[in-house]
Amino acid sequence: MLLFLFGLVLLVAGYMTYGRFVEKVIGPDDRETPARSRADGVDFVVLPHWKNMLIQLLNIAGVGPVIGVILGIKFGSVAFLLIPVGNVIAGATHDFLSGMMSIRHGGANLPELIRKTLGGTYYRFFSVFVILLLLLVVAVFINIPAQLIDQLVPSCGIFWLAVAAIFLYYIAATMFPVDKIIGMVYPLFGALLLLGTLMIFVALLWNGNSNPALLLETPEFKANMETAPVIPVLFVTIACGIISGFHATQSPIIARTMASEHQGRSSFYGMMIVEGVIAMVWAAAGLAIYNLFPELMKGNATVTLRQITTHFLGGWMGVVTVIGVIVLAITSGDTAMRSMRLSLAEMFKLDQRPFRNRLLVCLPLIVIICGLLAWSNRSAASFNHLWNYFAWGNQVLAASTLMAATTWLVAQKKLGVIAVIPGMFMTFIVVSYILWVSPEKGGPVGGGLDLHLAYWLALAVAVIFACWAWRRGLRARKQGGIR
């Protein structure tokens, strides 16, 4: 219990201290934001600050801080330290930098920011990669909420009906102006999310006070703990609670609706801290339920989630909490699809004010996502592969974004170390994971190398990547900055 509460305190203290430090490095000012200079009534629209914060939270807080941590807590209570420390130093900094880079470059999406900082060759690889990842995100964030909805009414068998309904909502949210659907429904969705998480937190405190062993590693828990190496597997498994490259695809949506740069720390850094709090609560809930029912450690994470809510909250309160988690997935899936539309439109120079152009971009995405959904639901193994590729691909985006931010900061004679250190760490994590993992080790296709060899090779790649990004920043500084 004490380690869990200490982790929550670290998150709050990190926002008040390191968050202010990062803000000072970036230096928000009173320049005109893209929401005002490029207002188009569709994507560039000034929204109230409170609404921007809520939209950003729901955009970034997908199933990772719930499903991811339910899986990640199997590594043990060390997660209660790694989540807040990683969040403050890496995750929240990553989100803040990506958001401010977008604002300073006219609301540019992540692929365009990569082109400006890391160059055309890397941009061509990255553009394809980010679209593929977002396709996986949308497929995953249709699948999981549909499974949860199906579990709420198990006798009806409505999984595919739920899939269709969620997908139709995604298409509508992608096509229509940001203030017409997303801006209208997110306050309600946000209330459900926060209410559900708060109820789980209160239930944990109540039950933990009478049974302190709930939040400790009991012998039964230790007997079923995850045996894969914490580094790199934990950082790929938890992802969104610590750091997520997916967030950098979402920050430009809010960068296009903010009235002032001074809202950046609360909108970007602050909302990642809130996601960290959500992740901590659900990690604690996972540990507690695994201590009570160790057999769940071998089962499906969505089944474990349902067990958490029914055991700690009972009937209708448990349903409300599950609905809050469903909201988490849906409110990331819809903006992932919107981000794909915006990125493709930016790549192909398609004006998104005409409805026809928005439809033109979305139609091929709809067809591909339908194919992914059909494949991923052929078997549990297919879905696990989908999740694994999404998980490590997500961290490729995080490493790339942080290295782009390194170049951007160095070019302005600012403290690039706040980006390059977490950037090197995430490069090390994702490269070592890809080199080490294999189907024989319970993961997707990978190198299958010895772990220590994978570590050394990943360290070399991380150092080379960091030096390259830093040198690009120095070169851009001599040429007058990044434009």
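Hi everyone. Let's start with confidence: across this protein the mean pLDDT is 85, and 93% of the residues reach 70 or more. Please keep in mind that we are looking at a predicted model. Where does the confidence go up and down in the protein? The mean is highest in helix α2, residues 18-26, at 97, and lowest in α16, at 74.

Remember α16, as that helix comes back when we turn to the second largest pocket. About 360 Å³ of space lies in this pocket. Its lining is made of 20 residues, and those nearest the centre are R38, F44, R256, L350 and Q352. Two elements, α7 (110-118) and α16 (315-347), each give two or more residues to that lining. Which of them gives the largest share? That is α16, with 3 residues. Sorted by class, 10 of the lining residues are charged, 6 are nonpolar and 4 are polar.

Next, follow the chain to a pair of helices, α19 (residues 417-436) and α20 (residues 451-478). They pack with their axes 8 Å apart, at an angle of about 145 degrees. Is the crossing left-handed or right-handed? For α19 and α20 it is right-handed. On the α19 side, the residues making the contact include V417, M424, F428 and W436, and on the α20 side they include L451, Y455, F465 and W470. By class, this contact has 19 nonpolar residues and 2 polar ones, with no charged residues.

Let me finish with two spots in the backbone. As background, most peptide bonds are trans, and most residues other than glycine have a negative phi. Now go to I231 and P232: the peptide bond joining them is cis, with omega at about 15 degrees. You will find P232 in helix α12, which covers residues 230-237. The other spot is K413, a residue other than glycine with a positive phi, near 60 degrees. Where is K413 placed? It sits in the loop between α18 (380-411) and α19, the α19 that packs with α20.

Conventions:
Residues are numbered from 1 along each chain as its sequence is written. This is a predicted model: local features need pLDDT of at least 70, side-chain atom pairs count only at pLDDT 80 or more; totals for chains, interfaces and linings use all residues. Side-chain values use heavy atoms; hydrogens and water are left out. On a 1 Å grid over the protein atoms alone, a cavity is a set of points where a 1.4 Å probe fits but cannot get out, and a pocket is an open set with protein on both sides within 12 Å along at least five of seven lines; lining residues have an atom within 4 Å of a point. Grid points are joined across faces, edges and corners, and a volume is the space filled by probe spheres set on the points. Helices (H or I, at least four residues) and strands (E, at least two) are DSSP runs, numbered from the N terminus. Ala, Val, Leu, Ile, Met, Phe, Trp, Tyr, Cys and Pro count as nonpolar, Asp, Glu, Lys and Arg as charged, and the others, Gly among them, as polar. pLDDT is the predictor's confidence in each residue, from 0 to 100. Axes are lines fitted to C-alpha atoms, for helices over the stretch in contact, and angles run from 0 to 180 degrees between N-to-C directions. A crossing is left-handed if the near helix is turned anticlockwise from the far one by less than a right angle, and right-handed if clockwise. Contact means heavy atoms within 4.5 Å.
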